[in-house]
Amino acid sequence: MTANPDFDFRMSTEVDAARRAGRPLVALESTLISHGLPYPENIEVAQGAEVAVRDAGAVPATMAVLDGHAHVGLADDDMHRLATASDVAKLSRRDLAIALSGVPGAPTLGATTVSATMILAERAGIDIFATGGIGGVHRGGESSMDVSADLFELAHTPVAVVCSGPKLILDLARTREVLETMGVTLVGYRTDDMPAFWARHSGLAVDCRADSPAELAAIIRSRAGLGIGGAVLICNPVDPALALEIDEIEGWIEACIDSAPAGAAATPWLLAEIAKRSGGRSLAANKRLIIDNAALAGAVAAQLGA
Ligand code: PSU
Ligand code: MN
């Protein structure tokens, strides 16, 4: 859990001061800003998540690549750029080296996915990260081999991740299997059932349940003590007031999944399509869960620092 001294970061004043003071930090990602949510909801959520982390007693560090440099903690203008620019690259593990290379033609403005954000968090010495929903095995992935780099990152990189489960657009049963194979510790926050992003239940069991930030921190410390790398994945079900039922969402997914583009564009396209088909209800749930996950990560970070 120490920072790599050779890695060249641009740190915001707030993050820099927090690091010097030894205050608890929470990493936040930017793909959900640039590719996961429409404007202006994306900027509201990005700022709302930062406020939620602060209210929980920790300091937010939203990650992105700007002008070819890795940024830890963003200024308001930068957040605005990520939320409004049309040429923001979606950067996962494979892409970071290219975006930071300075090679002509390489993207210099990029949003980080779960995998890339975990990498930057680990390099910056940040132990915990909050997002909406992780990527996983896509439907048909057993033949297309479209499996999110997020799963491999969770297997290797020792940063705890707070989410509301894998996105329901995925093959949840196979995603659950891969998490088990990869040795990711899957913890349900106040649930025994892995949540499914917009829905509170998937019918698939978590490895263990925890009922407080202190219990979550104990599991994270225990895994860190083993020195085996890899993540504790904390699954926090969406607020019941905004949750959707799996059965109704399934109809929308089945109606559009065959038209989805391949590759990195698949997830953003499907999220936008379900938002349309649900009359905005999926968007409202997505916004809420991101902010609630940031609040929970802040509370756990405060415990880890204690
Ligand atoms: N959570 C959200 N919206 C998102 C994401 C997470 O509420 O758009 C992003 C994360 O950055 C995650 C990515 O890594 O979706 C998954 O993309 P893919 O399926 O292409 O790996
Ligand atoms: Mn993919």
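Trainee: What makes Phe197 count as buried or exposed?

Mentor: Keep in mind that this is a predicted model. Phe197 has a relative accessibility of 1%. Buried means under 20% relative accessible area, so Phe197 counts as buried.

Trainee: And how do you know whether Trp198 is buried or exposed?

Mentor: The reasoning follows the cut-off for buried, under 20%. Trp198 has a relative accessible area of 1%, so Trp198 is buried.

Trainee: How many aromatic pairs does a search of the whole structure find?

Mentor: The search finds 2 aromatic pairs. One of them is formed by Phe197 and Trp198.

Trainee: Why is the pair of Phe197 and Trp198 called tilted?

Mentor: Start with the distance: the ring centres are 5.0 Å apart, and rings pair if their centres lie within 6.5 Å. Then take the angle, which is 55° between the planes of Phe197 and Trp198. Under 30 degrees counts as stacked and over 60 as edge-to-face, so a value in between is called tilted.

Trainee: Why does Ser144 count as partly exposed?

Mentor: Ser144 has a relative accessibility of 48%. Buried is under 20% and exposed is over 50%, so Ser144 counts as partly exposed. Ser144 lies in helix H7, residues 141–144.

Trainee: What makes the approach of the Ser144 side chain to Asp146 a polar contact?

Mentor: The side chain of Ser144 reaches the backbone nitrogen of Asp146 at 3.1 Å. The limit for a polar contact is 3.5 Å, and 3.1 Å falls within that limit.

Trainee: Now the ligand. Which side-chain and backbone atoms lie 2.8 Å or 2.9 Å from an oxygen atom of ligand 1?

Mentor: A polar side-chain atom of Asp150 is 2.8 Å from a ligand oxygen. At 2.9 Å there is an N or O atom in the side chain of Glu29, and a polar backbone atom of Val114 is also 2.9 Å from an oxygen of ligand 1. The protein buries 94% of the 480 Å² that ligand 1 exposes when taken alone.

Trainee: Which residues are closest to ligand 1, and which helices supply its shell?

Mentor: Of the 19 residues that surround ligand 1, the closest are Lys90, Ser148, Asp150, Thr267 and Asn286. Helix H2 (31–36), helix H12 (266–277) and helix H13 (281–305) each supply at least two residues of the shell. The largest share, 3 residues, comes from H2. The space that ligand 1 takes is the largest pocket.

Technical notes. Residues numbered from 1 in each chain as written. Chains lettered and ligands numbered in written order. Predicted model: local features only at pLDDT ≥ 70, side-chain atom pairs only at ≥ 80, totals over all residues. Heavy atoms only, no water. Phe/Tyr/Trp six-rings, centres within 6.5 Å; stacked < 30°, edge-to-face > 60°. Buried < 20%, exposed > 50% of the residue type's maximum accessible area, 1.4 Å probe, protein only. Near = heavy atom within 4 Å. Polar contact = N/O pair within 3.5 Å; in protein donor to acceptor, adjacent residues only side chain to side chain. Areas by Shrake-Rupley, 256 points an atom, 1.4 Å probe, with all protein chains shown as cover. 1 Å grid on protein atoms, 1.4 Å probe; cavity = no way out; pocket = protein on both sides within 12 Å on 5 of 7 lines; lining within 4 Å. Sits in = over half its atoms within 2 Å of the grid points. Helix = DSSP H or I, 4+ residues; strand = E, 2+ residues; numbered from the N terminus.
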